[in-house]
Amino acid sequence: MKRVAIEERPHWQAQAEEYGFNFHTMYGERYWCEDYYYQFGLKEIELIEDATEELHQMALAAVDRVVKSERLLEQFQIPPQNWRYIRETWEQGAPSLYGRFDFAYDGAGHLKMLEYNADTPTSLYESAFFQWLWLEDQIEAKKLPMVADQFNSIQEKLISRFGDLRAYHNVTKLFFSCCEDSEEDRGTVEYLQDCAIEAGLETEFLYIEEIGINSELEYTDLQDEVIQAIFKLYPWEFMLGEDFANYLDMNRTLWLEPAWKAILSNKALLPLLWEMFPNHHYLLPAYFANDPKAKTLTNYVKKPLFSREGANVEIVENGEILESADGPYGVEGSIIQEYVKLPVFDGSHVVLGSWIVGDSACGLSVREDHSRITQDLSRFYPHVILS
């Protein structure tokens, strides 16, 4: 793994606007950056690919264990009134779409899972589409050799996955939804909607706030059309805490992601995996904060169960808080995970995101930040494979 300087494309901002990448700069700060790229060898990519698929299967085994255990469902802070519904979505094989593992990688073959963003992972559009445009442009401009490649079949896999929904789950029309107040979320959902259309699905967009309930207790759109299937970029832990969730098991709406992903997106997954697969080479020791074993870790990261984008995360080294981030999480409880230092390039800490669609690893994203905690405004850099 190397960080390599390269000349920016003179037209990249105009191209971003043309393709709807309106969040390339947020709050006056660059989010998309292409003055450098990250270079990987093929063996490194194969390591990341294999680890992603192995960890995904381990995570699915954890879901199977949680849905059968009231004790674990309580530890995951899932409301008891939703236990049956979540269990049924798992047992009935409700299909999932995609997810992203975050890894610490030292460039010397040591890869450690930090967490699994399996419910509402963002940075999808720039991973799947915009960094591929960058690669093609830079090869055409002879800034990169013709043999340069990218670990990136995300878009192809998404279209195929939407095709599976159409063929095997009898979905002909798919609604797409997110909250009104996030331009990044809207861009991600629009991209997914384009992939679904490419797969032959009829689609319609509405905001989460616009979803209604009819007299038959069915979810509906603004025209009172019953929603048979919907992708929502909205966390399950938010949904399960609202009155909205009282109707989940009263109708047959197919949700993407399915409700069993509330287990995978929860940081409680980390200590459970460590318990199920102790000393696994891709895992870091992790415990619930109230577990006496947590005191065995002197250098650790404290993560609230529902934390997203680094919110309310604390890094502790030898009893002192090394770094922390503000946010709205924490009352739900926390886990403790052994602290592993991220690689540092030019003063920036680097996290790898490995994408999975269905059960197949299919792409890579690279984020960096001057902070040790990767957050929503951490910079995105493209990558290449050069053996």
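## Cysteines

Let's start with Cys 33, which is buried at a relative accessible area of 4%. This is a predicted model, so keep that in mind for everything that follows. Cys 178 is buried too, with 0% relative accessibility.

How far is the sulfur of Cys 178 from the closest cysteine sulfur? The gap is 6.8 Å, and the partner is Cys 179. A disulfide calls for sulfur atoms within 2.5 Å, so the Cys 178 sulfur sits too far away for a bond. The count for the structure comes to zero disulfides.

## The annotated domain

An unreviewed UniProt entry carries the annotation "domain: Glutathionylspermidine synthase pre-ATP-grasp-like", and that record places it on residues 12–385. In the model, this span is 30% helix and 26% strand. Its end C-alpha atoms lie 21 Å apart.

## The second largest pocket

The second largest pocket has a volume of about 580 Å³. It is lined by 26 residues, and those closest to the pocket centre are Gln 92, Asn 251, Arg 252, Thr 253 and Leu 254. By class, the lining splits into 12 nonpolar, nine polar and five charged residues.

Which elements supply at least two residues each to this lining? They are helix H4 (83–91), strand E7 (173–178) and strand E12 (254–256).

## One cavity

There is one cavity of 30 Å³ or more in the structure. The largest cavity holds about 40 Å³ of space. Its lining is made up of Met 113, Leu 270, Trp 274, Leu 283, Leu 284, Ala 286 and Gln 337. Six of the lining residues are nonpolar and one is polar, with no charged residue in the set.

## Around helix H5

Asp 137 belongs to helix H5, which runs over residues 124–140. Is Asp 137 buried or exposed? Its relative accessibility is 19%, and buried means under 20%, so Asp 137 counts as buried. Its side chain makes two polar contacts worth a look: one goes to the side chain of His 11 at 3.2 Å, and another to the side chain of Gln 15 at 3.1 Å.

With 41% relative accessibility, Lys 143 counts as partly exposed.

A cis peptide bond links Leu 256 to Glu 257, with omega at about 0 degrees. Glu 257 itself is in the loop between E12 and helix H9 (261–264). Strand E12 (254–256) is also one of the elements lining the second largest pocket.

Then there are the positive phi values. Tyr 27 is not a glycine, yet its phi is positive at about 55 degrees. It lies in the loop between strand E2 (25–26) and strand E3 (29–30). Tyr 27 is exposed, with a relative accessible area of 73%. Asn 312, likewise not a glycine, has a positive phi of about 60 degrees. Look for Asn 312 in the loop that joins strand E14 (299–304) and strand E15 (314–317).

Technical notes. Residues numbered from 1 in each chain as written. Predicted model: local features only at pLDDT ≥ 70, side-chain atom pairs only at ≥ 80, totals over all residues. Heavy atoms only, no water. 1 Å grid on protein atoms, 1.4 Å probe; cavity = no way out; pocket = protein on both sides within 12 Å on 5 of 7 lines; lining within 4 Å. Points joined across faces, edges and corners; volume = space filled by probe spheres on them. Helix = DSSP H or I, 4+ residues; strand = E, 2+ residues; numbered from the N terminus. Nonpolar A, V, L, I, M, F, W, Y, C, P; charged D, E, K, R; others polar. UniProt positions renumbered as here; feature names shortened; annotations may be inferred. Buried < 20%, exposed > 50% of the residue type's maximum accessible area, 1.4 Å probe, protein only. Polar contact = N/O pair within 3.5 Å; in protein donor to acceptor, adjacent residues only side chain to side chain.
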